[in-house]
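Good morning, everyone. I will start with a few residues and then step back.

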Amino acid sequence: MEFLNLCTVRDFLTYFPRAYEDRSVFTPVTQAKIGEKQTFRGHLSSISHRKTRNGRLLISALLTDKSGSLEIGWFNQPYLLQ
């Protein structure tokens, strides 16, 4: 891991990440806020995919929980369809 300047065992043992994301708190879909990092729990009720004009893959899905539904998408990640 040369890009983090972690070269020795001591470097690895004394390295601490600069940020921590708590992904244990789930946000209801109806309280989703644009531009904020949030964690949702639900069911993917539909999944579709198509090619964009420039030939890249767009995967769309509908995430549904008790409070509502949210459309989510991934760009150019074909392995998600497997």
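Start with Phe26. Set aside its neighbours within four places in sequence, and Phe26 is in contact with Thr39, Phe40 and Arg41. Keep in mind that this is a predicted model. Where does Phe26 lie? It sits in the loop between helix H1, residues 9-13, and strand E1.

Is Phe26 buried, partly exposed or exposed? Its relative accessibility is 37%, so Phe26 counts as partly exposed. Buried would need a value under 20%, and exposed a value over 50%. Now compare sequence and space. Phe26 and Gly68 are 42 residues apart in sequence. From C-alpha to C-alpha, Phe26 and Gly68 are 14 Å apart.

Next, the strands. Strand E1 covers residues 43-51 and pairs with E2 in the antiparallel sense. How many bridges join E1 and E2? The pairing runs over eight bridges. Take one of them: Lys51 has Leu57 in E2 as its bridge partner.

E1 and E2 form a hairpin, with five residues between the strands. Look at Gly55 in that hairpin. Gly55 takes a positive phi, near 90°.

Move on to E2 itself, residues 57-64. This strand is mostly covered. Six of its eight residues are buried. Keep one rule in mind while you look at strands. In a regular strand the side chains alternate between the two faces of the sheet.

E2 also has a partner in E3. Those two strands run antiparallel, and seven bridges join them. One example is Leu62, whose bridge partner in E3 is Glu71. E2 and E3 make a hairpin as well, with four residues between them.

Now go past E3. Asn76 lies in the segment after E3. What is the phi of Asn76? Phi is near 55°, a positive value in a residue other than glycine. Most residues other than glycine have a negative phi. How accessible is Asn76? Its relative accessible area is 45%, so Asn76 is partly exposed.

Gln77 is found in the segment after E3 too, and E3 spans 69-75. Gln77 has a relative accessible area of 25%, so it is partly exposed. Which residues does Gln77 touch, leaving aside its neighbours within four places in sequence? Gln77 is in contact with Leu57 and Ile59.

One more pair for Gln77. Gln77 and Ile47 are 30 residues apart in sequence and 14 Å apart in space, C-alpha to C-alpha.

Let's step back to the whole chain. The secondary structure comes to one helix and three strands. Read along the sequence, the pattern is α-β-β-β.

What about overall dimensions? The radius of gyration of the protein chain is 18 Å. A compact globule of 82 residues would have one near 12 Å. The C-alpha atoms fill a box of roughly 50 × 35 × 25 Å along the principal axes.

Then burial. Buried residues make up 13% of the 82 residues. The accessible surface comes to about 7,500 Å², and 54% of that belongs to carbon and sulfur atoms.

Last, contacts. Residues 24 or more positions apart account for 18% of them.

Thank you. Over to you for discussion.

Note on methods: Residues are numbered from 1 along each chain as its sequence is written. This is a predicted model: local features need pLDDT of at least 70, side-chain atom pairs count only at pLDDT 80 or more; totals for chains, interfaces and linings use all residues. Side-chain values use heavy atoms; hydrogens and water are left out. Buried means under 20% relative accessible area, exposed over 50%, partly exposed in between (1.4 Å probe, protein chains only). Contact means heavy atoms within 4.5 Å. Two strands pair if DSSP finds at least two bridges between them. The radius of gyration is taken over C-alpha atoms; the globule rule is 2.2 Å times the number of residues to the power 0.38. Accessible areas come from the Shrake-Rupley method with a 1.4 Å probe; for residues, only the protein chains shown count as cover.
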